[in-house]
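Subject: Handover of a structure

Dear colleague,

Please find below the structure that I am passing on to you. My notes on what was found in it follow directly after.

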Amino acid sequence: MAESSSSAAKAEDELRYVQYHGSKEETYLPAIRQLISKDLSEPYSIYVYRYFLYQWGDLCYMALDSQNKLIGVVVCKLEPHRSGTFRGYIAMLAVQESHRGQGIATKLVCMAIEAMTARDADEIVLETEVTNTASLKLYERLGFLRSKRLHRYYLNGNAAFRLLLYLKEGTAMKRPGDSGDLGMPPRMEEYRGYGPAAAQEDTINSEGTVT
Ligand SMILES: CC(C)(COP(=O)(O)OP(=O)(O)OC[C@H]1O[C@@H](n2cnc3c(N)ncnc32)[C@H](O)[C@@H]1OP(=O)(O)O)[C@@H](O)C(=O)NCCC(=O)NCCS
């Protein structure tokens, strides 16, 4: 027992956290696709990865082991939202199954939050399956709030929570009529076959109850 926990700690110690760069595409894009698609109920096309990485590669962080194998990745974007906010979006997050529960995803998400904060983001949003306990726990521990429940959001029919982290005071006031659009690029919505119009939304009130 002591041996296995010390080897897990050692594996964590050896990881390097690096920012993605276009010059690393050939080396890392196939690994990023493979890692992320492993746990998805719906595969993303190569265009979805390029959409994010070509424009916001500096908001993608990777955890690499001593052999430069990809252990974890977070992929994001940051752009003005029509509500008037400068909105960050965490599009993808995954850690190799063998390395989960060691704080790797937390570290990657914190790096992404810091980078978006440094670039003056007002808020960060993402969607996650309502049954994804690890992801909900991770994000809620970092201060994300459940803002909406999106029915049948995923192709497998599962619902999602939209999670939201305010980075600046007063951001909530800027966006009273949040239309709840999806953060993914249009190509992604077309690929999935349905978009915001098809996803029914519930708003979650301050007591955490769906309305
Ligand atoms: C979600 C995911 C990225 C978490 O990665 P990770 O490196 O294990 O995460 P961390 O170790 O930083 O922390 C995760 C938190 O969830 C908890 N957790 C991990 N697995 C869990 C599980 N199966 N059930 C409940 N909680 C779990 C951890 O204990 C930790 O919370 P704590 O610090 O309060 O104890 C990883 O499970 C994964 O890749 N899942 C598949 C892809 C995915 O679901 N991505 C998120 C889409 S939004």
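Of the contacts in the chain with a separation of 6 or more, what percentage is accounted for by residues 24 or more positions apart? The figure is 62%. Please bear in mind that this is a predicted model.

Overall content and confidence

The chain has 211 residues, of which 33% are buried. Its secondary structure consists of 7 helices and 8 strands. The mean pLDDT is 84, and 77% of the residues reach 70 or more. Two segments stay under 50: residues 1–6, for which the model has 0 contacts beyond four places in sequence, and residues 186–198, for which it has 15 such contacts. Where pLDDT is low, the predicted coordinates should not be read in detail.

The nonpolar core

The largest nonpolar core comprises 53 residues. Those with the most contacts inside this core are C60, V73, V74, C76, I90, L108 and A112. At least two core residues come from each of the helices α2 (25–38), α3 (46–56) and α4, and from each of the strands β2 (61–64), β3 (70–80), β4, β5 (123–129) and β7 (160–166). Helix α4 gives the most, with 9 residues. In soluble globular proteins, nonpolar side chains tend to be buried together.

Leaving aside residues up to four places away in sequence, V74 touches C60, Y61, I90, M92, L93, L108, V109 and A112. Of these, C60, I90, L108 and A112 are also listed with V74 among the residues with the most contacts inside the core.

The ligand shell

The ligand is surrounded by 19 residues, and the closest are D39, R100, A105, T106 and A134. Two or more residues of this shell come from each of β4 (86–95), α4 (104–118) and α5 (133–141). Which element gives the most to the shell? It is α5, with 6 residues. By type, the shell divides into 7 nonpolar, 8 polar and 4 charged residues.

Strand pairing

Strand β2 pairs with two others. With β1 (residues 16–19), β2 is antiparallel over 4 bridges, and V18 has M62 in β2 as its bridge partner. With β3, β2 is again antiparallel and joined by 4 bridges; here A63 has G72 in β3 as its bridge partner. The hairpin of β2 and β3 has 5 residues between the strands, and in this hairpin N68 takes a positive phi near 65°.

Backbone angles to note

Most residues other than glycine have a negative phi. Besides N68, which has the positive phi given above, two further residues deserve mention. D120, in the loop between α4 and β5, has a phi near 75°. Is D120 buried or exposed? With 10 other C-beta atoms within 10 Å, D120 is exposed. R152, in the loop between β6 (145–151) and β7, has a positive phi of about 50° although it is not a glycine. Because 14 other C-beta atoms lie within 10 Å of its own, R152 counts as partly exposed.

With kind regards

Methods:
Residues numbered from 1 in each chain as written. Predicted model: local features only at pLDDT ≥ 70, side-chain atom pairs only at ≥ 80, totals over all residues. Near = placed C-beta within 6 Å. Nonpolar A, V, L, I, M, F, W, Y, C, P; charged D, E, K, R; others polar. Core = buried A, V, L, I, M, F, W, Y, C linked by C-beta atoms within 7 Å. Buried ≥ 20, exposed ≤ 12 C-beta atoms within 10 Å, placed from the backbone. Contact = placed C-beta atoms within 7 Å. pLDDT = per-residue confidence, 0-100. Pairing = 2+ DSSP bridges.
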